[in-house]
Amino acid sequence: MMSGYISDCLGENFSCIQPKPILPQKFNWDVFMATLIPTEGCNFQCSYCHKNHPAASMTRDTLDRIEEYITAQAPRYKQVILAWFGGEPTLCKDTVLEVSNIVQNLQKQYGFHYAANMTTNGYLLNDKLFRQFYQAGITSYQITIDGWNHDKARPHVSGKGTLQTIINNLASLSKLPPAEYSFHITLRHNILADDEDYSWYDYLYRLFGHDKRFAVLVRAVGDWGGEGVHSLSILHQDTKDVLVAKHVAYLDKIGMSCHNHRNGALAQVCYASYPHSMVFRANGKIGKCTVALDHPQNQLGWVDPEKGIVIDPEVNCRWSFSDLKPECRSCRNVLRCMNMQCKKSEIIDGKTVCLYRKSECV
């Protein structure tokens, strides 16, 4: 049953509807995480993209209700995280700055820790816009640049190449003095089955290898839906880990920082597993996962023009709690994932994937 989102809905009273985990999993209850998709429109036309890209952005009414909700909720938490996603969020600069300013003012008043990140294609992220976002508290970015094949894989909607513009933007950011601009940019590289030209990393190293604010993340292209991906040579489960490991080994060899080495506590816990985490879409729908946006099991609620934020607590519960399997209790990596590394695999795909055992548990 859907109900208006009141203060106790995911607070102390939430324990009455949650399953009983083997170990208490309240480590993330003091974190409020809002992922905002101000538009699902995009200025790129990537070959493997699984999304449709309607041009519509958030209406003023939808944005107002979200801002009211954040204003009411943020003071209740020790940490508030804004994540900007899309579509392409830099197309909605004014919305990004407006919401960020609200949270910064709340932080000054209530003293919670505030952090913000953005997933962007980097095409519009020149040094002027970056400085504005930096002042708004956005200090962490993920930007995909797909090697020498980038212009073919990630063209502009006009059909033009995009790589050189992104490289020029990144080069200008690397000139910002580290003492004044402490940020982190993850350069994501999506690889296919035939991608074994490591000279791309030599190129990145020459540009950014001596700036520790930049790091590379290697991922295999996955089939998350859409038609374009079917024409690509996607790596199968039994081979993708091997090829990714080869790429990571080369990055280590040349001394390029690599984000694949995230090994800290809770490093593999998915954002969708946090009980006070949600994705606000441009169309007013609310979900947990940014991958399976339109799947029925990912429909957490909606933004109502009069009622405000409406949430189904039972859906949130399914995404936010997970029993530790018996084998997890003897795993030395248990604190990294808490069996919560990908709730989509469990809820939507009907399986869980252990990142450390490299196996699927059906």
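Modeller: Let's start with Thr35, which is in contact with Ala83, Phe85, Met278, Val279, Phe280 and Thr290, leaving aside its neighbours within four places in sequence; contact means heavy atoms within 4.5 Å. This is a predicted model, where local features need pLDDT of at least 70, side-chain atom pairs count only at pLDDT 80 or more, and totals for chains, interfaces and linings use all residues. Residues are numbered from 1 along each chain as its sequence is written, and side-chain values use heavy atoms, with hydrogens and water left out.

Thr35 counts as buried because its relative accessibility is 4%; buried means under 20% relative accessible area, exposed over 50% and partly exposed in between, with a 1.4 Å probe and protein chains only. Its place is in strand S2, residues 31-36. Helices (H or I, at least four residues) and strands (E, at least two) are DSSP runs, numbered from the N terminus.

Strand S2 also meets helix H1: the buried residues of H1 pack against S2, and their other partners include strand S3 (79-84) and strand S8 (277-280). Those buried H1 residues are Thr62, Leu63, Arg65, Ile66, Glu67, Tyr69, Ile70 and Gln73.

Now for the whole: the protein chain has 10 helices and 13 strands, and 51% of its 362 residues are buried. Of its contacts with a separation of 6 or more, 70% join residues 24 or more positions apart.
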